[in-house]
Amino acid sequence: MYTGFVTGSVVATIKDENLKGIPLLTVRLIENGRPKGIIVAADSTRQAGIGDHVYMIGSKEAAKMFRQELTPVDAAIVGFIDKYNELL
């Protein structure tokens with residue numbers, strides 16, 4: 001599971017058929033309370049927006065979130081984080 005916050009969206013003129021209607025968002029990862037790299041994640045909630053703290057799953061579990069065969073995603077947003085605290 002990954003955590004991060006949404007920083008923007010991706011516009012694709014041509015998408016795989018299984019991704020039509022699914023927003024692609026850029027997410028700044030958070031590791032050990034510090035911002036890290038940016039990834040593109042498919043929004044399975046279809047409600048995430050810029051500034052939202054979210055958690056994501058990766059690998060084949062991300063592709064299974066959409067209940068379609070061969071959905072080409074490596075990361076999927078699956079929920080929101082209301083409050084983020086981390087003890088270092």
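User: Which residue in β3 is the bridge partner of Leu-24?

Analyst: Start with the general idea: strands in a sheet pair through backbone hydrogen bonds, in a parallel or antiparallel sense. Here, Leu-24 has Ala-42 as its bridge partner in β3. Strands (E, at least two residues) and helices (H or I, at least four) are DSSP runs numbered from the N terminus. Two strands count as paired if DSSP finds at least two bridges between them.

User: What should I know about the model?

Analyst: This is a predicted model, in which local features need pLDDT of at least 70 and side-chain atom pairs count only at pLDDT 80 or more, while totals for chains, interfaces and linings use all residues. Residues are numbered from 1 along each chain as its sequence is written, and side-chain values use heavy atoms, with hydrogens and water left out.

User: How many bridges link β2 and β3, and in what sense do the strands pair?

Analyst: Seven bridges, antiparallel; β3 covers residues 34–43. The two strands form a hairpin with two residues between them. Asn-32 in that turn has a positive phi of about 55°.

User: Which strands does β5 pair with?

Analyst: β4 and β3. Five bridges join β5 to β4, antiparallel. One of the links is Gly-58, whose bridge partner in β5 is Ala-75. Two bridges join β5 to β3, and this pair runs parallel. There, Ala-42 stands opposite Ala-76 of β5.

User: In what order do the strands close into a barrel?

Analyst: The order is β1-β2-β3-β5-β4, five strands with mixed pairing. On average, neighbouring strands are turned by 55° against each other, direction ignored.

User: Which residues make up the largest nonpolar core?

Analyst: A nonpolar core is a set of buried Ala, Val, Leu, Ile, Met, Phe, Trp, Tyr and Cys residues joined through side-chain atoms within 4.5 Å. Buried means under 20% relative accessible area, exposed over 50%, partly exposed in between (1.4 Å probe, protein chains only). The largest core here has ten residues, including Val-6, Val-27, Val-54 and Ile-77. β2 (24–31), β4 (53–58) and β5 each supply at least two. β2 gives the most, with three. A second, separate core of nine residues includes Leu-19, Ile-22, Leu-24 and Ala-42.

User: Is Val-73 buried or exposed?

Analyst: Val-73 is buried, because its relative accessible area is 10%. Val-73 sits in the loop between α1 (59–64) and β5 (75–80). Beyond its neighbours within four places in sequence, its contacts (heavy atoms within 4.5 Å) include Leu-19, Ala-42 and Phe-66. Ser-59 is also in contact with Val-73. Those two are 14 residues apart in sequence and 7.7 Å apart in space, C-alpha to C-alpha.

Technical notes
Axes fitted to C-alpha atoms, helices over the stretch in contact; angles between N-to-C directions.
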